[in-house]
Amino acid sequence: MVKVREDLPLNADGTLDVDGWARRVCAGREVLEVGGVLDAVRHLCELHPPRYVHTGTELAELVAHLNMDTSSVLAALYYRPVRQGSAALDDVTRVCGEDASALLHAVLKMADTSLLEMSNSRLQTSEARDQIGNVRSMLVALMDDGRVAVLKLAERVVALRGAKGRDDGRRRRIATEAAEIFAPLAGRLGIWQIKWELEDLALRYLEPEVYAGIAQQLDGRREERERRVAAIVAMLQETLMERGINALVYGRAKHIFSIWRKMRTKDIAFDQVYDVLAVRIIVDSLADCYAALGVIHDRWQHIPSEFDDYVASPKENGYRSIHTAVIGPDTQTFEVQIRTEEMHAESELGVCAHWSYKGVGEGEANSAERAYADKMAWLRRLLDWQESLGDDRDLPRELATRVREERIFVYTPGGHVLDLTTGATVLDFAYRVHTEVGHACVGARVNGQRVPLNERLESGQRVEIETSDTQRPRLEWLNPTLEYVHTARARDKIQSWFRGRDPARLLKDGRHLVNHMLDTLNEAALSARDEQHLASSFDLEDMNALLRAVAVGDVQLHEVAEQLFGGAHESKAQQLERFGLEVGGDNREGLLRDVTSLLSERHLSLLATSGRVDAATGQARLLLEVELPSLSNLLSVIEELREIPGIRQVSLNRDKLS
């Protein structure tokens, strides 16, 4: 179990003894810088309420017990005040440095993760099975630094400890998340101290009668059990010494969740759980592990079904130890775990053991760094999480076939986590929520900031979609150069909407779009020969079929333009290599900047520009001369310019087409 929080050292007036606390936290931990910890906790005490001092020091002390570095401890100190708005990240940067501030920012990005706050009934119905998998995968996607994972897990332990005073609903939600998300993550990272406390506290809140029953049986026999364990420890210590094996032997407590899980999965009574009594043997070398095993099996009869050699075959998370169960004195069964000091550090602290290597030799340090890098690379591949909860637990289907780098995970306003392919936009998200939400989408906010519909999303963002009853899908959404949609799902939904329209309306819309394109390019109406050429170019029956294809987005306008003015029409393409654009719109600050920025983003060279404002109407008129690398860019650029706020008209300037 994780060490229970010690009482805070206090001054006579009841305030925190800052020096005493800092010395206690840093004692024996060379990786921690006492001065930095001291300055941070003093600042915390001076400027923030006592409740933040209490939770901050509790989380920081837990993080320190996990052998984390100074930046991690400082980030832990300030997690609660920043989370509650009592302090800003800039304050943390100033007091604790950029590394601590960056860590805290990364942990805060995961602060709103929730399984049960799903307000959208459609999502509850269609996405509930994937919610746990999505949350877990999102957490992994956000963990660019292993310390972020440890800080988040430690924060959840502190939250569970404090849940005792919460209402039952809130307490059960925190416990459910701990059991189904965070305890499995701690297990996969090999941070057993965290895993055990998360599991025990979660069981305490989710199954209070079960927890109390096992705890009562353990308490009822505590004195007898402690006496037996002490006798076994003394006997083993003496026997190993006689055989020339230097070892540290001690008894260990079996945590309640583990006892309960074994009772359920093996359908056995409490008395048949062999490792309620347990001892651990720490030796100097790998050879001593097996020598100690031989001594134990020589002395007592072992139970073959309870033997596991995780040294020869480590667990997936790197855990190494030899486990055996024997029938000891008075026919009492007990478990023995045998490992080296290095294995012990890894088994207790998992990836946290990395930070305890500070000060070792260069070769050893490089080896430790490589081991850590390998473990974090494994973390990024992590997706198959089902473990630890027993086969009869009704867990949602896990995401076992997706690669993390191909998915992003974003929040709905209600806390539901949705997965999308990397590169997905706000509009993709809207269609991921529901088809009708996508169709009616008129705007969006990401983390509270208004963004365009083609804004690309990143893991951990919170997206709020704005809809209108009068909004309908727009054909521009299907234009690949405008990058409104990235996912096949969204594109299919948009095209399905257009295909569902009346054929006569499609024909009318398609003709309007093609004529508008010709007008934009200052071209005359198409001849019968042009129409025949276009239809055959797209392998369609006639021009009407092409117009309908344009109206549903199967054929893009820029593709029509390329067929008309490319190839045999080389002269027109050459004529448009340098073209003039006339842009009209509301006179506002930043209009010219927005126009030129878009051209720059599309790698188009701006050769000349001029502009004026009509004093009577307040309308701006910009004349731009642009070098065009290819004909296919022209219509896309015009359409993108029309999307800029305030732009009312974009057309070719005839004076530049000579």
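Helices (H or I, at least four residues) and strands (E, at least two) are DSSP runs, numbered from the N terminus.

Some ground rules: the model is predicted, so local features need pLDDT of at least 70, side-chain atom pairs count only at pLDDT 80 or more, and totals for chains, interfaces and linings use all residues. Residues are numbered from 1 along each chain as its sequence is written, and side-chain values use heavy atoms, without hydrogens and water.

Isoleucine 194: I found 1% relative accessibility, so this residue counts as buried (under 20% relative accessible area; over 50% is exposed, in between is partly exposed, 1.4 Å probe, protein chains only). From isoleucine 194 to valine 150 I got 9.0 Å, C-alpha to C-alpha, though they are 44 residues apart in sequence.

Helix 10 and its partner: I looked at helix 9 (residues 168–189) against helix 10 (residues 192–206), and they pack at about 155° with axes 8 Å apart. Axes here are lines fitted to C-alpha atoms, for helices over the stretch in contact, and angles run from 0 to 180 degrees between N-to-C directions. Helix 9 and helix 10 are therefore roughly antiparallel (over 145 degrees; under 35 is roughly parallel, 65 to 115 roughly perpendicular, the rest oblique). The contact (heavy atoms within 4.5 Å) includes Phe182 of helix 9 and Ile194 of helix 10.

Asparagine 479: I located this one in the loop between strand 11 (463–467) and helix 19 (488–499). Asparagine 479 is buried too, at 10% relative accessibility. Leaving out residues up to four places away in sequence, asparagine 479 touches Gln556, His558 and Ser636.
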